[in-house]
Amino acid sequence: MEAAPHNQAETELTITSPEQMRELGRRLAKLLRAGDLVMLSGELGAGKTTLTRGLGEGLGVRGAVTSPTFVIARVHPSLGDGPPLVHVDAYRLGGGLDEMEDLDLDVSLPDSVIVVEWGEGKVEELTEDRLQVVIHRAVGDTTDEVRHVTVTGLGARWVEAGLEGLSA
């Protein structure tokens, strides 16, 4: 069940380079705290891992953030006193919550920032409050670096979180 519109915040951005996508991740990291779930969606090559790399930089976590496609989930511990980043690629997970629970995501959720690529229909039940980031390539030339990014905060956690400041 979708959150009611009054329990939702949304902002739209246009990103024109991979470095801008990483910078968006760094800005987004400033809004994140332990227990947050971020769902990323977009086609292959849209910039999901690039955004997550910026999140990792902004959160100050250890290890290079790369696509976790073959390991499914990768934990990046904090180098300071912030939360660890758990980066999940749910693309190959077919069975929704059962398989996600096998990864023990819900156990680490209260202590971590969880970023899930390809998680639609699979992780929504972990928490009512979540951030959905949808990345669209500009229509036309597929080599174009332009991306349209919609960041939607669902649930009370995100109503006053300052998402509108991401475009600054």
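Residues are numbered from 1 along each chain as its sequence is written, and side-chain values use heavy atoms, with hydrogens and water left out. Because the model is predicted, local features need pLDDT of at least 70 and side-chain atom pairs count only at pLDDT 80 or more, while totals for chains, interfaces and linings use all residues.

**Whole chain.** Colour by secondary structure: there are five helices and seven strands, where helices (H or I, at least four residues) and strands (E, at least two) are DSSP runs numbered from the N terminus. Read from the N terminus, the order is β-α-β-α-β-β-α-α-β-β-β-α. Of the 168 residues, 46% are buried (under 20% relative accessible area, 1.4 Å probe, protein chains only). Of the contacts (heavy atoms within 4.5 Å) between residues at least 6 apart in sequence, 65% join residues at least 24 apart.

**Largest nonpolar core.** Select Leu24, Leu131, Val133, Val149 and Val151, which touch the most other members of this 28-residue core. A nonpolar core here is a set of buried Ala, Val, Leu, Ile, Met, Phe, Trp, Tyr and Cys residues joined through side-chain atoms within 4.5 Å. Two or more residues each come from β1 (8-15), α1 (18-29), β2 (37-41), α2 (48-59), β5 (113-117), β6 (130-137) and β7 (147-154). The largest share, four residues, is that of α1.

Next, centre on Val151. Beyond its neighbours within four places in sequence, Val151 contacts Ala9, Glu10, Thr11, Leu13, Leu131, Gln132, Val133, Leu163 and Leu166. A second, separate core has twelve residues, including Ile72, Ala90, Val116 and Val123.

**Thr150.** Finish in strand β7, at Thr150. Is Thr150 buried or exposed? Thr150 counts as buried because its relative accessibility is 18%. Leaving out residues up to four places away in sequence, Thr150 touches Glu10, Thr11, Glu12, Gln132, Val133 and Val134.

Note on methods: Buried means under 20% relative accessible area, exposed over 50%, partly exposed in between (1.4 Å probe, protein chains only).
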